[in-house]
Amino acid sequence: MRGDEDPGRETTAELDDRWLDDALTPTTPVYGRTTRLLLGTLAPPARAIRRILSFALTTPGKLFSVTVLLTLAIGAAGFSLSQSSADRKADLDVLLSTTEPMSNASHNLYTSLSLADTVASTGFVQGGVESRQTREKYTKAMDTAAVANSEALLGSSREDERIRELTIEISRKLPTYTGLVESARTNNRQGHAVAAAYMSNASMTMRTDILPAAAELFGLTGAKVAYQQDRLTDPQWVPLSGLLAALALLLGAQWWLWRLTRRKLNRGFVTATCLLLVALSWVGLSNVVAWVSSSRGFDSAAQPWDMLTNSRIEAQQARTSETLALVNRESANQSADSFSEVSENVRAALEAYESSSAIDVAAHPEKQVPITKAHHAIDDWDTAHQNFLAALERGDYKEATRITSTTAQPPGTDPTAAASFAKLDSAMADLIGDSRTTMRDFIGRGIQAMSLVSVAVMVLSVLAILAVWLGIRPRLQEYL
């Protein structure tokens with residue numbers, strides 16, 4: 001540089017290139033603040049995802065990805081099936097401890113109310129002050145009905161609105177019935193003719209208002225038990241399909257691994273497959289046992305139980321009608337056909353019980369005793385009823401009263417309606433109780449079949465996941 005030149009002065013070439021500074025330095029930023037903030041925030045995850053995808057395209061990445069996929073599939077299927085089995089077992093416990101007892105309470109309510117009406121009518125025709133035995137039997141029947149009504153109400157849930165309405169309705173009408181019965185007894189002791197009207201009105205209240213409500217309650221609770229039993233013993237198709245999908249995915253992974261490594265078998269994968277097969281077989285077998293208990297055992301035991309209950313109620317109502325015919329001094333010829341129908345229904349119920357495969361009377365000879373007792377009792381009642389009708393027709397009310405109210409039956413004498421009915425009702429109560437025990441046994445078998453399934457499936461699923469990771473570990477080590 002020459003000495004006379006000014007160091008601060010720009011040369012002509014520098015002035016000519018000055019436009020480049022303006023071109024290279026923008027007056028405003030390319031990206032806004034928001035865009036720069038988003039880029040700064042999303043760039044690290046994007047780089048991580050790009051690296052993961054790059055790794056996933058490699059052979060070790062594929063091995064790792066398949067293992068993670070198998071882990072998620074087996075874990076989800078195992079958890080779903082385990083949770084479903086646990087929920088099913090809990091629901092079966094509720095069925096056995098709450099729903100079925102509620103149905104049995106409604107059954108006791110229905111039969112106790114009918115029996116109370118029968119006993120009250122029988123005690124009325126005895127004349128004067130009824131016997132202590134009859135009074136205690138009536139009181140016991142009414143107490144049982146009151147307790148059963150409360151149990152049915154307590155066993156109901158929020159969804160059982162109609163069941164609650166029926167129990168409240170029965171509770172409201174029972175005092176009316178008992179009041180009429182007491183009025184009939186008081187007037188009967190005093191010899192007032194109006195006593196018969198009170199007794200007829202009481203029985204009419206029971207048979208037209210209270211018993212229909214109890215019958216509807218019994219039908220609703222029985223249907224609820226049957227519905228829950230069927231629903232809770234259906235195969236677990238959805239959870240089972242998940243386990244089958246996981247098993248199919250595991251088999252597909254083994255085929256892919258064989259094509260990749262040229263090794264036919266992987267010990268870890270084979271072990272996991274065996275564990276899933278054990279879990280699948282366990283759950284499948286428990287479903288089969290539960291289904292058989294429902295479709296065959298429970299239904300087979302429920303049919304005679306239902307028939308016996310209905311025929312017992314019909315027999316009690318026939319007994320009440322028989323007694324009221326004497327109270328009102330009416331001819332009972334019009335009830336002959338209805339009594340014959342009741343007799344046939346009782347015999348049909350006994351045959352259904354005897355032929356039920358679930359109860360299996362042939363394998364339990366002791367169950368034949370109440371059946372034989374019931375058959376003899378209904379035959380004796382048929383004879384007594386015919387004698388009763390004949391006595392009414394000829395106006396022999398003393399003999400009709402004896403047939404209706406006398407429970408003693410000396411050897412060699414004709415049977416009485418009171419003694420025959422007492423034996424029949426006792427025998428049918430025993431058969432109904434045995435049928436209920438059989439039904440509960442089948443529900444219990446369903447619970448036993450589902451026990452340990454939840455824990456077993458979860459344990460087997462965890463072991464299968466560990467086996468998959470242990471099996472893939474040597475293959476990963478070949479690349480890492």
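1. What are the helix and strand percentages over residues 449-472, and how far apart are the end C-alpha atoms? The chain there is 92% helix and 0% strand, with the end C-alpha atoms 35 Å apart, where helices (H or I, at least four residues) and strands (E, at least two) are DSSP runs numbered from the N terminus.

2. The model is predicted, and local features need pLDDT of at least 70, side-chain atom pairs count only at pLDDT 80 or more, and totals for chains, interfaces and linings use all residues. Residues are numbered from 1 along each chain as its sequence is written, and side-chain values use heavy atoms, with hydrogens and water left out.

3. As to the overall fold, the protein has 14 helices and 0 strands. Of the contacts with a separation of 6 or more, 83% are accounted for by residues 24 or more positions apart, a contact being heavy atoms within 4.5 Å.

4. Buried residues make up 42% of the 480 residues; buried means under 20% relative accessible area, exposed over 50%, and partly exposed in between (1.4 Å probe, protein chains only). The protein exposes about 25,200 Å², and carbon and sulfur atoms supply 58% of that area, as given by the Shrake-Rupley method with a 1.4 Å probe; for residues, only the protein chains shown count as cover.

5. The unreviewed UniProt entry annotates residues 63-81, 237-257, 269-292 and 449-472 as "transmembrane region", and such annotations, given in the numbering used here with shortened feature names, may be inferred rather than shown by experiment. In the model, residues 237-257 are 100% helix and 0% strand, with their end C-alpha atoms 30 Å apart.

6. Arg312 lies in helix α9 (residues 267-327) and counts as buried, at 9% relative accessibility. A polar contact of 2.9 Å joins the side chains of Arg312 and Asp425, the term meaning a pair of N or O atoms within 3.5 Å; within protein, one must be able to donate a hydrogen and the other to accept it, and residues adjacent in sequence count only if both atoms are side-chain atoms. Not counting residues up to four places away in sequence, Arg312 touches Thr111, Asp425, Met428, Ala429 and Ile432.

7. Arg319 also lies in helix α9 and is buried, with 2% relative accessibility. The side chain of Arg319 makes a polar contact of 3.1 Å with the side chain of Glu322. Beyond neighbours within four places in sequence, the contacts of Arg319 include Thr118, Trp381 and Phe421.
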